[in-house]
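The following exercises concern the structure displayed below.

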Amino acid sequence: MAPARAPIDLLPEGTGVVVSAASIRHVLRVVDVAALIGTYRPYYDQAAAYLEQGFGHNLLDPGRWPEIGVDPDRPIGGALLDAGSGSMCLFITLSDPQRFRQFLDRVGTRLGGELESVYEDRGIVLGQEPNAKTSLVLRDDFAFIVMVDNPNLAPYDFARELASVDPARGLAASPRWQQALGPAAAHDAVAFVDVARMMRAELEAQKRLGETSPSWAEQELQRLREQGGSAEEIARWQQVADEQRAAEAQHRERRQRERELWSAVFGPLGPIVVELSLGPQAIAGTARTQAPESSLLRRALGPSGAPPPALTAASERVLFGTGGRFDVAEGLAALDALLRADGKSVDALFADIQRNLGGEPRAAVEMLDGTVSFAVTTRDVNVLATAGGRSSLGFNLTLGFKNVVAAEALVAVTMAKIPSSPLGLTGLKVKRGKAGSHVVTVPQWRDVHVALVGSTLTISTDPKFAANVERAPAKPWTPRQTQAAPIVTASAGATLLLDHALLLAMFMTRGGGGERYTPAQNQPYWRFPAVAHAALEGVPESAAYKARLKEWQRLDAKIDRAEKAQERKRTALAVGAADSLGSIALHLRETDDGLMTEGGQYFGPGGLARTIERVVEGLATIGRDSDYSVHEQRGRVEQELQEIRVRDIERALGVHATE
């Protein structure tokens, strides 16, 4: 039998997911490792010394991996071997299998967990005991760490399979692998995801699991019957068992509906193949799958059209945007299937909308031509990382209609009903704008501008948006990462853009934002348990209290200024990190035999390395450079205020405080 040429050759034919990179050096192309090590040299040296002490080698340096028999220039990756049992593996390529085995023996001796051979064939299975959940397989020039979450559901022993499989019968030799990948060129990273296969594996695992054991209520009911429990006890536990049985049946029905839905969506699809190029500017490539024209996804996706105007006509920064052309009837059918999996339906949804807004929502939806685009925007990204950042967000929305006259009538009716509709938003007002447009005033937020541009309905917090859509941008629109522009502006069935500022800045948002605490909120109720709270609160503040309160306020203002300065620093770092991290841009289109997604992750200035540095800097500023002595002073003054307040209450109410 010929040895395997790559780890994938040894994976079982039924493997559902594989992610493989050409080498660890290919993966490290996306980050400037030397720059990061230089920035955090003390931490790196400390970690390297710890590894040297524990394992005898600095495993953080791929250049030293050959010392333990691992090849840093050949494939690494992982695979989901079986979804039903949660069986998976990680794999590396070896430069010297014997040296790697010696390394394992040395580490096992030091850690007291020696690995012994529990099975040998063309390869060796190493483990602490047979049938363990975790084991190591050495085969040809490769090593596999095999992990099985539930061995009882596994169709067979995957570790032994890897040690004995003929490469001519493995995944890479299977028709589904070769048909999915085709004569593909070499890429830095490749992923293979067979969703339909994983769904079938989960169903098979459920069949292997068989009937579920009796519930705790049924067990208790059986015990009472066997031991002669009273009729009252048996009746009560019978009711509990019946209720539990009904709940379990309802859960099974819901799970069955969900499986039917996902089977309808993914069942007809072939394996998804992702091919990526890795670099400091981008992680980009394609994801493709074979799908018949009768599949739900192809039926719902419309023909490729113009770029989404919610993005390309935006005059504010787009943080998230999507759009495309869809078949309305198929889209409604898909939505109905999705809702039915949760026990609801499109009809019920339309009925609910009709109760709130009136009119005929289904008829309104059927007026649409399937062209839609949406974007979340902001005028100032720096505000996002502050406590009130979310309220600064805006949006753009466009909907294409088949008939402009019908669209005009629908807008007129809807605008007339908004102020009185039971939407839960009080204070909504509608006024006429320019050229037949409408302006909806939303309390404590931005005005929403509604206008028709031809047969396209535009709804936006940006007053310039409708005009931009009408005349189209004077120059080609480009995202912040210009290398993503061909993806976002290409003719496609669907497009997506995500600026990481939306996630990163909000992740670093400082909590709070309400009214600042004052000592008056902390009355000494516990010192006067027999006195009504209202009576304590009614005692006026004495001159001594007010004089000391001024000192507390001075210290609190100093702390507040320091906290705001730190918040501004965190905000700047968050926005800078988001700019370095960049954005994700993808578009989806039909091919002759299926669907293809193109795009990826596009980095900004400094790339991933600078992003990491800025995030670490941002997290480090929490509590750094804070003068906690001021907090201690404020605390002591507040204790003094409490004692003054206690004496004031004693004098005013003629009562004595408890200790």
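Helices (H or I, at least four residues) and strands (E, at least two) are DSSP runs, numbered from the N terminus. The model is predicted.

**Exercise 1. Determine the place, burial and contacts of Val539.**

Solution. Step 1: Val539 sits in the loop that runs between helix H19 (533–537) and helix H20 (543–581). Step 2: its relative accessible area is 7%, so Val539 is buried. Step 3: apart from neighbours within four places in sequence, the contacts of Val539 are Arg645, Asp648, Ile649, Ala652 and Leu653. Step 4: for Leu653, the separation from Val539 is 114 residues along the chain and 8.2 Å between C-alpha atoms.

**Exercise 2. Is Ser392 buried or exposed, and which residues does Ser392 touch?**

Solution. Step 1: the loop between strand S12 (368–378) and strand S13 (393–401) contains Ser392. Step 2: Ser392 has a relative accessible area of 18% and is therefore buried. Step 3: residues up to four places away in sequence are not counted; Ser392 then touches Thr377, Thr378, Val383, Leu384 and Arg446.

**Exercise 3. Describe the loop residues Pro130 and Asp140.**

Solution. Step 1: Pro130 lies between strand S5 (124–127) and S6, in the loop. Step 2: a relative accessible area of 53% means that Pro130 is exposed. Step 3: Pro130 and Ser23 are 107 residues apart in sequence, and their C-alpha atoms are 31 Å apart in space. Step 4: Asp140 occupies the loop between strand S6 (134–139) and strand S7 (142–148). Step 5: with a relative accessible area of 28%, Asp140 is partly exposed. Step 6: the phi angle of Asp140 is near 55 degrees, which is positive although the residue is not glycine.

**Exercise 4. Characterise the protein chain as a whole.**

Solution. Step 1: the protein chain contains 22 helices and 20 strands. Step 2: its radius of gyration is 32 Å, whereas a compact globule of 659 residues would have one near 26 Å. Step 3: along the principal axes, the C-alpha atoms fill a box of roughly 95 × 75 × 75 Å. Step 4: of the 659 residues, 41% are buried. Step 5: among contacts with a separation of 6 or more, 69% join residues 24 or more positions apart. Step 6: the chain exposes about 34,900 Å², of which carbon and sulfur atoms supply 55%. Step 7: the 73 positive and 81 negative charges have mean positions 6 Å apart.

**Exercise 5. Where in the protein chain is confidence lowest, and where is it highest?**

Solution. Step 1: the average pLDDT of the protein chain is 86, and 93% of the residues score at least 70. Step 2: confidence is lowest in helix H7 (residues 195–209), with a mean of 74. Step 3: confidence is highest in strand S3 (residues 87–93), at 96.

Notes: Residues numbered from 1 in each chain as written. Predicted model: local features only at pLDDT ≥ 70, side-chain atom pairs only at ≥ 80, totals over all residues. Heavy atoms only, no water. pLDDT = per-residue confidence, 0-100. Rg over C-alpha atoms; globule rule 2.2 N^0.38 Å. Buried < 20%, exposed > 50% of the residue type's maximum accessible area, 1.4 Å probe, protein only. Contact = heavy atoms within 4.5 Å. Areas by Shrake-Rupley, 256 points an atom, 1.4 Å probe, with all protein chains shown as cover. Lys, Arg positive; Asp, Glu negative; His and termini not counted. Charge placed at Lys NZ, Arg CZ, Asp CG, Glu CD.
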